[in-house]
Amino acid sequence: MTTQTEPPAMRESLLDVAGKKIFVAETGDGPAVLLLHGGGPGASGVSNYARNIGPLAKEYRVIVPDLPGYGRSTKGIDGADPFGCLADGIRGVLDRLGLDKAHLVGNSYGGACALRIALDTPDRVDRMVLMGPGGVGTTRALPTPGLNSLFNYYSGEGPSRPKLEKFIRTYLVFNAADVPESVIEERFRASIDPEVVAAPPLRRPSGPNALRTLWKMDFTRDDRLARLPVPTLVLWGADDKVNRPSGGRMLAERMPNCDLYEVANTGHWVQFERAELFNRLCADFLAGRR
């Protein structure tokens, strides 16, 4: 596995999208590819894709936003429709950048965002790569231990470095030793931003409409999935402890243009744990070479 963890120098901007700010970093030239990060505590775009930005930028214009609620973007997410809120924000990024269409690459929460954009506005998506996306079969089984760990980060005694380290080393990756201490520290600092603590962007649905929200957040309950024309590559770690690998087969069975690649000895963070494999598969798929 590559040990590169530093992305290249990138152009940075803070875009105004429907009155909220979304931070975007980009580099490279070619077809536009948006890299959408996961929803774990302290996550952000550039840090989550540090091992992928440089290699993909050799062929593509790589655009890496901080999802709404994360990083340098405006905090707060619509709890009644989290995926829709993320999708609206990232579609606004496309609008502000003057992009009618782009490739979408999404991990976990970012994968759910990408899938929701594709379902709502398939004409805006060229090709799509999803890594262990959220919202797949979530109403058909109890939450995994990894997902419970993620949801519980801000509850109880509140956020702490040991809680974050346990989530990352125990549930996020297959080999705990692959994650440098610097990654844990960077994410912990980001996770205790007072604005994030006041409004965590990933929470269990609650309140009188919780069941309706949960149903809306399970893409396998959406009839549009069977008609989605977007060519899609699903990469899923065979040892994913956050989102069950069976979700990959659910998508492949329902989506008409979906390829599935299950990655051995890999957890929830395919693009980090198996960076060289991911970069090759992703670049080739987006270019239509496979």
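**From a loop to the core**

Let's start with Asp81, which lies in the loop between strand 4 (61-65) and helix 3; helices (H or I, at least four residues) and strands (E, at least two) are DSSP runs, numbered from the N terminus. Keep in mind that this is a predicted model, where local features need pLDDT of at least 70 and side-chain atom pairs count only at pLDDT 80 or more, while totals for chains, interfaces and linings use all residues. Residues are numbered from 1 along each chain as its sequence is written, and side-chain values use heavy atoms, with hydrogens and water left out.

Asp81 has 14% relative accessibility, so it counts as buried (under 20% relative accessible area; exposed is over 50%, partly exposed in between, with a 1.4 Å probe and protein chains only). Leaving aside neighbours within four places in sequence, Asp81 is in contact (heavy atoms within 4.5 Å) with Arg116 and Lys216.

Arg116 takes us into helix 4, where it is one of the buried residues.

Now hop over to helix 10 (residues 246-254), whose buried residues are Gly247, Gly248, Met250 and Leu251. Looking down the axis of helix 10, these fall within an arc of 160 degrees (taken from the directions from the helix axis to the C-beta atoms), so they line one face of the helix. Their packing partners are helix 4 (109-120), strand 6 (125-131), strand 7 (232-237) and strand 8 (258-263).

Back in the loops, Met217 sits between helix 9 and strand 7. Met217 is buried, at 13% relative accessible area. Not counting residues up to four places away in sequence, Met217 touches Pro82, Phe83, Gly135, Thr138 and Pro205.

What about the lining of the largest cavity, by class? It has five nonpolar, seven polar and one charged residues, with Gly counted among the polar ones. Among the 13 lining residues, Gly38, Gly39, Gly40, Leu172 and His268 lie nearest the cavity's centre. Here a cavity is a set of points on a 1 Å grid over the protein atoms alone where a 1.4 Å probe fits but cannot get out, and lining residues have an atom within 4 Å of a point.

Notes:
1 Å grid on protein atoms, 1.4 Å probe; cavity = no way out; pocket = protein on both sides within 12 Å on 5 of 7 lines; lining within 4 Å.
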